[in-house]
Amino acid sequence: MAGNRRTRRPDDLEAAAGNGLLHRRAFLTGGAAFAAAVTGYTLSETAAAQQLTDAPWSQGRGVAVQEYGTPSPFEKQVVRTLSNPRGEPRTQHGRTPHHLINGTFTPNGLHFVISHSGNPDIDPSQHRLVIHGLVRRPLVFTLDALARYPMVSRMAFVECGGNSAPLFSNEPVQADVQAIHGLVSCAEWTGVMLSTLLEETGIDPKATWLIAEGADSLALSRSVPMTKALDDAMIALYQNGERLMPGNGYPMRLLLPGWEGNMQVKWLRRLKLVDAPAMSYYEARTYAPILPNGKAYQFYFLQEVKSFITHPSPGLKLNGPGVYEISGVAYSANGRIAKVMVTADGGRSWAQAALQDPVHPKAFTRFRVPWRWDGGPVVLQSRAWDEGGNVQPTRAEIIARRGQTAKPVTNPAAFTSQHYNGPTSWRVEANGEVKNVYA
Amino acid sequence: MFTLRILFALAFAVFASTVAFAQGFGTPISETEIATWDISIMPDGAGLPPGRGTPEQGGKIYAVKCALCHGPEAKGGTNAALVGGAPLTTGIDTPKTIANFWPYATTLFDFTRRAMPWQQPRTLTNDEVYALTAYILALNKIIGPNDVMDAGTLPKVRMPNRDGFIVRFPERMP
């Protein structure tokens, strides 16, 4: 068998679906031959082999270690895109460059941020969290007090309800994965379960909702059902091992795994238990998508099952025919990702993707499919299922229910609607360039 | 024996005082001490403070504190118009306005008080917030030009799109 593995050539890899999709088994059995055949994506042409020499950085002393590490100067292009870089008095968005990173965690400096009135510059020693309203005794917590409770860590994606909104355009927007899907990220969050604190305040049985409010200048507030608060809500204090980033809620945020990002109130300072939703600005107005019949959805809460391909995607050019790895992320508010299927022929045939272990509930799952590109134009698309049996709808299904714009969207940063969880289709042109299409 | 009984009673008292609540590190705080932060207004009017205002009073405050961003007579400027609005059947991307979308007038009071003016939030007096709320509602012809807004009248204002909503996941509602 080992001999077979060594002599296996890309031509022997088993086809799984049309236009060169290969069986995911190739990742396990393909070995070095398969790895060598994967040509990868390039932003420039691959150089031909030449005589190896010692590079300047291999001769003499290296650069001093930094107190707080920053990426290599060669990674300067791996940054968020900003909608309002001068911080003018309107919302700011920083979008995650999914096509320039890999794996399942989003580095803290690249985690998406939406800040409606700028990030408050909070002194953690002065910050307080108060829990009151329909409780048996109101309590106030310092950061030091919270640090004394048992902590839990979990992975969770956070997604803006408006992420992927450009896909409501009636014509495909010419934009990359960062512009289209950059308002979702995934991190390991560590903190205190909200249920632990509510056990201490006691809960009046009349409490059915809580109002969560931030210490930002808007005092942004959202209403959250108590059922979610007592299920898996967390007061998050750490993000990928370090304190929360200012844009992600330093020194504490409400984490509601899988639910609309805006509800996961950052810079959290107050939780008030109540018997009805407050109908705050962001729940009564902003995150209530208009339907074609003129009604609007309210209390959408869930970020439903979704997937998109990050590699290849616009900006990552294919460097000639050959074997590539198609990969992307999938996630769902309803638990673990159960299956991801990928097509290279616009949906006529599908290959099952390999899922990166471990698959966490309500978190990014990296999927991968080996693919032999013959150099012709193809359309790639992914479709995810979660463990609750929910499947990513087709674009036609979404548009039938939710509508689309009457005119093409020209600004990908505009929010035409919210909660798009249909597929994303990338067309690979014969020259290796990738663009957004509908298929 | 007597001492032992006292000790037992003391121990029981300590037990009784802690058994009601889980052990923790929160500090008790009174609702009075929370008052400055407790600014949420409910659709039924709970939380509305004392005070009152008319559209006429609101118009004067608007010109000084709001027109810079929202434009003269609330017709829009660098930020959203606060008057008018197309029917929602115009399209899924119809700009949402107070008149065509907001289900409750209490939200207007709540958001104006907590977030406006943008550069100086929570500097308006309660009377000013009532007056601005009255001004915007009157401009949109949702209330009359002489209607007074206060804790009694505001929750009774019926917004045009009050019944325009469908709960997306009813099974997730409390």
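A296(A) stands opposite F165(B) in strand β4(B), where strands are DSSP runs of E with at least two residues and helices are runs of H or I with at least four, numbered from the N terminus. Keep in mind that this is a predicted model, in which local features need pLDDT of at least 70, side-chain atom pairs count only at pLDDT 80 or more, and totals for chains, interfaces and linings use all residues. Residues are numbered from 1 along each chain as its sequence is written, while chains are lettered from A and ligands numbered from 1 in the order in which they are written.

**Where the chains meet**
- β17 of chain A (residues 296–298) pairs with β4(B) in the parallel sense over 3 bridges; pairing takes at least two bridges found by DSSP.
- Contact (C-beta atoms, placed from the backbone, within 7 Å) links 47 residues of chain B with 58 residues of chain A.
- On the side of chain B that touches chain A, at least two residues each come from β1 (27–28), α2 (31–34), α5 (105–115) and β4 (165–167).
- The most is given by α5(B), with 6 residues.
- That side of chain B holds 27 nonpolar, 12 polar and 8 charged residues. Here Ala, Val, Leu, Ile, Met, Phe, Trp, Tyr, Cys and Pro are nonpolar, Asp, Glu, Lys and Arg are charged, and the others, Gly among them, are polar.

**Chain B itself**
- You will find 6 helices and 4 strands in chain B, in the order α-β-α-β-α-α-α-α-β-β from the N terminus on.
- Of the contacts in chain B between residues at least 6 apart in sequence, 58% join residues at least 24 apart.

Key. Two residues are in contact if their C-beta atoms, placed from the backbone, lie within 7 Å.
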